[in-house]
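Here is a short report on helix packing and model confidence. The structure comes first, then the reading.

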Amino acid sequence: MTGRGRATPLAPDRRRQQIVEAVVPLLHQHGRAVTTRQIAESAGIAEGTIFRVFASKEDLVAQALRQAFDPRPFVEKIETIDPALPVRERLVAVVSLLQDGFREIFALMRAVGLVAPPPELEQCDEHGTPYRERALLSVQALFSGDDDAFCVPTARALHVLRLLTFSGSHQQIADGQLLTPEEIVDVVLHGVARKPHPPGTSED
């Protein structure tokens, strides 16, 4: 804000992004009941500025939700994982990122009353890849040379990993007993069955 109470001039796209970034944490706190006044105060702008770049509060909220579900930040983080690390370490790193994302999204969905991700995730990027698949492909690429590490195809192992991470990161599904990344990875790699003892040995 300037000394006269007006927002510092920004290009429309930059102004939109500034406002969207201010909205996401407010949605966690207030859900769809967030007011344009609260948004303006958080963004450091006049309330009327919102309606110069968004048709309505609902339009703004929809854009904020699309950004919250955008897989690009996750993909960028996946690409920073060292592919030379041992398989287990890479899996733990992936699960940690997935778990952080799931918890954030679950909380936001509860706050705004969503029961499913925005349909825009089914749309395609400039390469013709559905947005939802981009994250999956980035994880598969990280394990492209590790077929011998799993007793099933790598893509199937990673699918199981993602499903277990999803359920193990959801408070209601997990009955409040969330799984750690290490627990999830060890279940995928080793299961939970008691290891058989070699013939002629005892359990003691």
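Axes here are lines fitted to C-alpha atoms, for helices over the stretch in contact, and angles run from 0 to 180 degrees between N-to-C directions. The model is predicted. Two helix pairs are described below.

| Helix pair | Angle | Axis separation |
|---|---|---|
| Helix 1 (residues 12–30) and helix 4 (residues 57–68) | about 80° | 9 Å |
| Helix 6 (residues 87–112) and helix 9 (residues 181–190) | about 125° | 9 Å |

Take helix 1 and helix 4. They pack at about 80°. Angles of 65 to 115 degrees count as roughly perpendicular, and helix 1 and helix 4 are therefore roughly perpendicular to each other. Helix 1 brings R16, Q17, I19, V20, E21, V23, V24 and L27 to the contact, and helix 4 supplies L60, V61, Q63, A64, L65 and Q67. By class, the residues of this contact are 9 nonpolar, 3 polar and 2 charged.

Next, helix 6 and helix 9. Their angle is about 125°, which makes helix 6 oblique to helix 9. The crossing of the two is right-handed. On helix 6, the contact residues are R88, L91, V92, V95, S96 and Q99; on helix 9, they are P181, E182, I184, V185, D186 and L189. This contact between helix 6 and helix 9 divides into 7 nonpolar, 2 polar and 3 charged residues.

Now confidence. The protein chain has an average pLDDT of 87, and 86% of the residues score at least 70. Confidence is highest in helix 9, at 96, and lowest in helix 7 (residues 131–142), at a mean of 87. Residues 1–5 have pLDDT below 50; this stretch has 7 contacts in the model beyond near neighbours in sequence. Where pLDDT is low, predicted coordinates should not be read in detail.

Terms used: Residues are numbered from 1 along each chain as its sequence is written. This is a predicted model: local features need pLDDT of at least 70, side-chain atom pairs count only at pLDDT 80 or more; totals for chains, interfaces and linings use all residues. Side-chain values use heavy atoms; hydrogens and water are left out. Helices (H or I, at least four residues) and strands (E, at least two) are DSSP runs, numbered from the N terminus. Angles under 35 degrees count as roughly parallel, over 145 as roughly antiparallel, 65 to 115 as roughly perpendicular and the rest as oblique. Contact means heavy atoms within 4.5 Å. Ala, Val, Leu, Ile, Met, Phe, Trp, Tyr, Cys and Pro count as nonpolar, Asp, Glu, Lys and Arg as charged, and the others, Gly among them, as polar. A crossing is left-handed if the near helix is turned anticlockwise from the far one by less than a right angle, and right-handed if clockwise. pLDDT is the predictor's confidence in each residue, from 0 to 100.
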